[in-house]
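Open the model in a viewer and keep the selection panel at hand.

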Amino acid sequence: MYATDLRTVPFNRTYIADNELDYLTEAVRGHSTCGDGPFTRRATVLVEQITGAGQALLTTSCTHALEMSAILLDLRPGDEVITPSFTFMSTANAFALRGAVPVFVDCRPDTLNLDERRLEAAITERTRAVVVVHYAGVACAMDEIGELARRYGLAVIEDNAHGLGGRYRGRPLGSFGCLATQSFHETKNIQCGEAGALLVNDTALTERAEIVREKGTDRSRFYRGQVDKYRWIDIGSSYLPSDVLAAQLTAQLEAFDTIQARRHEVWDRYHEELADWAAGNGAGQPTVPDDRAHPAHLYYLLMPDLDHRQALIAHLAERGVQAVFHYQPLHSSPAGIRYGRTAPGGCPVTEQVTDRLVRLPLFAGLDEPGVTRVIDAVRTYEVS
Ligand SMILES: *Cc1c(COP(=O)(O)O)cnc(C)c1O
């Protein structure tokens, strides 16, 4: 389970849950491996329990769940969808694929989430939806965002790739948007390599979501015996993961509490044991407002500038610790410029954060000596 056997503390290493290999064998031995099999049903129930979502549909990725969301909203070319600039490209790409225009809003300097104070200025006659990303699983200001969305008649979609198990004012992330998306990519807390889920909270979208996921057909109803043949009903695509992946995912979801407990221990040690170093070196640590519970998805430090960020990553590499950075701003990316537009005021905070952020190793299999090694390596770096 532990990482002390490795010469380098890797940035990420998948955790193998107790039943994972047994379930995989069972799925293969079952002689039926297509989507929506017995493990898909088990994993779906577990995802619904953790997120409080009305309906969960397993998908081949979070990217695909976002693409399904864009189809379900009936977006037309020229419609505008507000997204943060500081996020993974799929958050915007899914909507650009439907001809919609992503409108990029800057992030807050504390939570690094879409800055709700800049949201209203980004809304136009053509705005149809707001896609929020709960960065590091720390919730966006959902009350303020929900209120604006209601006032302007906008759909809210949660890209909850980081936020499985997170809460805002006691309520689980993934239960706020009419639609929300999860990722079970290898780099996420719960993973099976490549998969995701679409959470449908608006019951008006339930039936169509199933159709869009099944190549635009009513095959799901056919399998349930509700229709005597299945036909092409709507546009859609092939968004079902194999039941073999769902078997791996079921085992991971059953181990959710164990995985989360260990991730929190690692996160908490970084946060406490690096506090003095951060204060003494002008580095920032994550901000978690009191009304939010985060799921220990990632731990980051904000260095004073790009040079120190690069130097810290090199310093850690020399000491056998693999640290990484992420999110090149979308508003200034080639596709962002071609397909999107930047909201008034630009994205100055995103541009700064992009240069300054370092992510430390965080995975359930990281043992205490591994965490100590990371902390010691960071502490020997001095910002002069
Ligand atoms: C990981 C991630 C995605 C994409 O997830 P996939 O399952 O790999 O498609 C989308 N959005 C965010 C914020 C992510 O972190």
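How many cavities of 30 Å³ or more does a search of the whole structure find? The search finds four. A cavity here is a set of points on a 1 Å grid over the protein atoms alone where a 1.4 Å probe fits but cannot get out; grid points are joined across faces, edges and corners, and a volume is the space filled by probe spheres set on the points.

This is a predicted model, in which local features need pLDDT of at least 70, side-chain atom pairs count only at pLDDT 80 or more, and totals for chains, interfaces and linings use all residues. Residues are numbered from 1 along each chain as its sequence is written, and side-chain values use heavy atoms, without hydrogens and water.

**The largest cavity**

The volume of the largest cavity is about 90 Å³. Select Arg13, Tyr15, Lys188, Asn189 and Arg263: of the 14 lining residues (an atom within 4 Å of a point), these are the closest to its centre. At least three residues of the lining come from each of domain 1 (20-254) and domain 2 (256-328 + 343-379), with bounds from an automatic or database domain assignment.

**The ligand**

Now select the 15 residues around the ligand (a heavy atom within 4 Å); Cys62, Thr63, Asp159, Ser183 and Lys188 come nearest. Show polar contacts (N or O pairs within 3.5 Å). A ligand oxygen is 2.5 Å from a side-chain N or O atom of Thr63, and another stop is Asp159, whose side chain has an N or O atom 2.7 Å from a ligand nitrogen. For the His162 side chain, the distance from an N or O atom to a ligand oxygen is 2.9 Å.

Terms used: Polar contact = N/O pair within 3.5 Å; in protein donor to acceptor, adjacent residues only side chain to side chain. 1 Å grid on protein atoms, 1.4 Å probe; cavity = no way out; pocket = protein on both sides within 12 Å on 5 of 7 lines; lining within 4 Å.
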